[in-house]
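Please look over the structure below before reading the points.

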Amino acid sequence: MTSHAKILVTSAAGKTGMHTALQLRQQGFPVRAFVRRHDHRAKRLESAGAEVFVGNQYALRDMRAAMQGVQRAYQCAPTAPNGLHFNAVFTVAAHEAQLEHVVTMSQWLASADHPSLFTREVYLGDSLISMRPDMSVTTVNPGWFADNYLMVLDMAAHLGVFTMPLGDGDIKKNAPPSNEDIAGVVTAALADPDRHAGKTYRPTGPALLSPNEVADSLGQALGRRVRYMDISERMMVKALKALPPANYSVAAVTQLAIYAEEYRRGAFAVNAPTDDVRLLCGREAESFASIVRRTVAARPDLSPGIGRSVKAMAGFLKILGTSAFNLEQAQSQRDYVRVEAPSFCQDDETWLASHTPAARDLKTVHAA
Ligand SMILES: NC(=O)c1ccc[n+]([C@@H]2O[C@H](COP(=O)([O-])OP(=O)(O)OC[C@H]3O[C@@H](n4cnc5c(N)ncnc54)[C@H](OP(=O)(O)O)[C@@H]3O)[C@@H](O)[C@H]2O)c1
């Protein structure tokens, strides 16, 4: 492998891409950071010494240009529809550019027959990128990010409720990883391909938490009582439509509803927590309580205030007044690919086998 490899980070202004680019720079690697606009995040990357490439990640012409002179890359499809398109563009360009090593952002749930189209697409993307024997791949499969809970911090801060459709509040169902720890695992795998080629990692936080414990951590960081409220799927659809960032397409909402169902079924707790953050980063994974504390510390707008409480209440009323749409109907749209016999993760023997600790070292988990 090249000793001072140049590394392309896609989705570099995003949650894991930003920290991957920064951590690689800290380790002295030359980094090209793919962003779609030159904003404050691009400036932060430049200040850290990254070369910023502005373009469209879904366009093959731009991806080819971004990979010129690069030996390794972080493949990170944006959280949005068209993941398979992104992954196909990335794979074609990576194979043409004859990259030596790729670290790919997959999903905890990735499986061939999953009810979620996005998840089946991720599975296909993982398979495509692994098809050139001369290029090694490390797969990173995080579960439900800690960051997802932070989306409802405003309501927790100003109304004292943590609302998500996560089922029974007392059952421990997720060990949420921080963006920084996921990026730490990606960075380690990019920095040392000889050690991590062909492996699959599932970074998690240090402990499984129940929804009530998530609410307690939010409350402790915010200095107020926060109560977990298990909401219906219908209410989740309304909230995703009503609240910022209100950029969820109908297709994305249908998939998030399936992920929430996997959460309630306990898929994210299977063989979690893992020790992958300690193994790759040489430090303990950050606790959820610590993640929330530092997020709250960086957001003065979360401190109490009548105006802020009124605004939060107005947001809540807006959710109630927003009409839901029928998830089943949305999925039956003409151009929405479906499978005959979908299988949730824990009903899928191949998926279960791929989530045992021993599966980390399989050449590709999908061949299991
Ligand atoms: N969230 C979870 O719980 C979870 C769990 C497991 C796996 N994942 C996987 O994580 C991946 C997302 O990673 P992430 O959260 O680090 O990414 P992210 O925060 O969604 O970042 C995506 C970035 O891509 C940029 N982008 C979007 N369209 C673009 C375009 N056409 N050209 C150039 N840039 C573009 C976005 O720009 P702007 O910021 O300017 O919009 C954004 O900065 C997904 O593949 C998802 O399946 C997520």
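Domain bounds here come from an automatic or database domain assignment. On that basis the protein chain of this predicted model is divided into domain 1, residues 7-141, and domain 2, which is made up of 147-174, 205-270 and 288-336.

**Domains**
- The C-alpha centres of domain 1 and domain 2 are 27 Å apart.
- Contact between the two involves 9 residues of domain 1 and 11 residues of domain 2.
- On the side of domain 1 that touches domain 2, the residues comprise 7 nonpolar, 1 polar and 1 charged.

**Ligand surroundings**
- The ligand is surrounded by 24 residues, and the closest are Gly14, Thr16, Arg36, Pro78 and Thr79.
- Sorted by class, this shell holds 11 nonpolar, 10 polar and 3 charged residues.
- Helix α1, residues 15-26, supplies the largest share of the shell, with 3 residues.

**Glu100**
- Glu100 sits in the loop that runs between α4 (83-96) and β5 (101-105).
- Between Glu100 and Thr322 the separation is 222 residues in sequence, and their C-alpha atoms are 49 Å apart in space.

Methods: Residues numbered from 1 in each chain as written. Predicted model: local features only at pLDDT ≥ 70, side-chain atom pairs only at ≥ 80, totals over all residues. Near = placed C-beta within 6 Å. Helix = DSSP H or I, 4+ residues; strand = E, 2+ residues; numbered from the N terminus. Nonpolar A, V, L, I, M, F, W, Y, C, P; charged D, E, K, R; others polar. Contact = placed C-beta atoms within 7 Å.
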